[in-house]
Amino acid sequence: MSSWLAEASAIFAKDWRAEARNLYALNTLGLFAVTTLVLVSVGLGPMGVTAAGAQVLPFLLWIVLLFATSAGLPRAFVQEEETHTATALRLAARPSAVFWGKLAFSLSLTWALEALVAPLFLAMVQLSVKSPGLFVVGLVAGGFGLAAASTVIAAIIAQTRAGSTLFAVLSFPILIPLLLLVVELTRNAVDGATADVVLRQLLLYDGSVAVAGAMLFPAIWNP
Amino acid sequence: MPATTAPLPVLHFRDVRRRFGRLSVLRGVSGRVASGEVLLVTGPNGSGKSTLLRCLAGLLAPDDGDIDYREAMPDAAPLSAAERRLRVGYVAPDLALYEELTAAENLLFFARLRGVPVELGAILLDRLSLPPDRAVGALSSGMRQKLRWAWALLHRPRLLLLDEPFQNLDGAGEAVVRELLEEHLADGLAVLAQPVDVEPSASWKVAEHVELAG
């Protein structure tokens with residue numbers, strides 16, 4: 001294994017080991033997601049069987065996922081700065097390995113959250129999906145975009161004192177295009193329509209955010 | 001009488017300046033330290049000793065000045081700030097390790113990052129009498145300071161930057177740390193320390209002092 005890959009893997013494994021002990025992100029994401037799921041299902045009932053369901057529910061699903069990840073993912077960097085472990089990490093790992101290791105951790109958390117939330121959501125609102133494959137592709141690609149954008153924004157806000165407020169401000173312009181694309185893709189999956197163009201745009205968004213994040217990160221992370 | 005060659009400088013910094021807003025903390029600081037030497041940085045509280053160490057470690061970018069750090073060998077090229085950052089050892093109060101992980105897990109993690117044999121961590125923990133399986137969050141402040149030393153020496157750095165290095169250590173703890181330090185100095189380590197709590201040992205080859213004005 002190359003030394004760069006070994007560094008990124010070590011950071012990924014360290015973050016999961018620490019998470020397994022303090023359960024901060026898992027608890028935050030899980031509680032937020034379950035609470036909003038219950039609220040949506042109680043408030044709307046079996047809306048999936050109505051004509052409006054296919055238009056409204058994909059949007060609600062991604063709102064739940066967006067806010068749940070926003071509550072938990074920024075901790076990846078904020079905690080390193082707050083507990084002063086960032087100094088040791090800066091002096092021991094290349095910035096690119098830190099970025100990809102943290103991104104892998106955020107991505108695994110996001111995909112785990114989606115694996116929990118999406119089936120529960122579909123069952124609670126009784127929404128049937130005509131193209132399950134496309135639905136899963138949307139979750140995977142949308143989850144990657146969410147994790148990549150959140151990782152970059154978290155690295156920026158960790159250097160500031162107004163972290164949580166700044167996360168909302170910075171994430172708004174970056175995540176809105178992602179949200180629009182992924183909601184459209186999910187609607188197509190529910191209707192059984194093709195979504196080649198939207199999927200290409202979503203993958204382009206994912207690639208752009210990941211590449212821009214990797215290029216920006218050394219300047220954010222180090223003086 | 002055979003000609004003696006002066007040790008090659010490991011670190012040579014010239015006219016380093018750093019401001020924080022309107023406050024000028026470092027106003028043109030210069031110094032040099034060679035392999036096997038100790039350079040003491042003195043000055044009153046607030047004179048910029050810790051800031052200088054952070055600049056030299058690559059954790060803070062100076063506003064002006066030149067920091068030339070190279071391996072102690074002929075024809076070695078100066079290292080960039082990014083390369084310097086990964087090679088220095090650093091002991092300071094603002095450095096913490098992961099509280100959820102044990103002492104051994106922390107050193108294992110950093111050994112993997114630095115690409116050094118993982119056994120080195122266990123050897124250092126044993127030398128410093130640290131409990132390997134206790135979470136860092138449950139260590140005393142003296143034990144945490146010894147763990148900082150283990151972390152700093154894990155990759156056998158050629159330059160060690162010390163900011164209050166004996167803080168919270170009892171007599172036995174300071175003695176074992178000094179013993180480790182002297183072994184590394186004999187092996188060619190260069191040390192730059194701010195001597196709030198550093199009384200130089202008789203065996204140290206102390207280079208010129210750098211005195212910072214308050």
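Q: How many helices and strands does the secondary structure of chain A come to?
A: Chain A comes to 9 helices and 0 strands. Here helices (H or I, at least four residues) and strands (E, at least two) are DSSP runs, numbered from the N terminus. Read along the sequence, the pattern of chain A is α-α-α-α-α-α-α-α-α.

Q: What kind of model is this, and how are its parts numbered?
A: It's a predicted model, where local features need pLDDT of at least 70, side-chain atom pairs count only at pLDDT 80 or more, and totals for chains, interfaces and linings use all residues. Residues are numbered from 1 along each chain as its sequence is written, while chains are lettered from A and ligands numbered from 1 in the order in which they are written.

Q: How do you know whether the radius of gyration of chain A agrees with that of a compact globule?
A: You set it against a rule: the radius is taken over C-alpha atoms, and the globule rule is 2.2 Å times the number of residues to the power 0.38. For 223 residues the rule gives a value near 17 Å, and chain A has 18 Å, so the two agree. The C-alpha atoms of chain A fill a box of roughly 55 × 35 × 35 Å along the principal axes.

Q: And what does that rule say about chain B?
A: With 214 residues, a compact globule would come out near 17 Å; chain B has 17 Å, so that agrees. Its C-alpha atoms fill a box of roughly 55 × 45 × 30 Å, again along the principal axes. Chain B has 6 helices and 9 strands.

Q: Is A:Leu23 buried or exposed, and why?
A: Just count the C-beta atoms, placed from the backbone: a residue is buried if 20 or more others lie within 10 Å of its own, exposed if 12 or fewer, and partly exposed in between. A:Leu23 has 11 within 10 Å, so it is exposed. You'll find A:Leu23 in the loop between H1 and helix H2 (24-44) of chain A.

Q: What is the phi of A:Leu23?
A: A:Leu23 isn't a glycine, but it has a positive phi of about 55°. Most residues other than glycine have a negative phi.

Q: Which residues touch the most other members of the largest nonpolar core?
A: A nonpolar core is a set of buried Ala, Val, Leu, Ile, Met, Phe, Trp, Tyr and Cys residues joined through C-beta atoms within 7 Å. Of the 137 residues in this core, the ones touching the most other members are B:Leu56, B:Leu107, B:Ala150, B:Leu161 and B:Leu192. Helix H7 (residues 132-157) of chain A gives the largest share, 13 residues.

Q: What is B:Leu56 in contact with?
A: Two residues are in contact if their C-beta atoms, placed from the backbone, lie within 7 Å. Leaving aside neighbours within four places in sequence, B:Leu56 is in contact with B:Leu11, B:Phe13, B:Ile67, B:Leu161 and B:Leu192.

Q: How many residues does each chain bring to the contact between chain A and chain B?
A: Chain A brings 19 residues and chain B brings 24 residues. On the chain A side, H1 gives the largest share, 9 residues.
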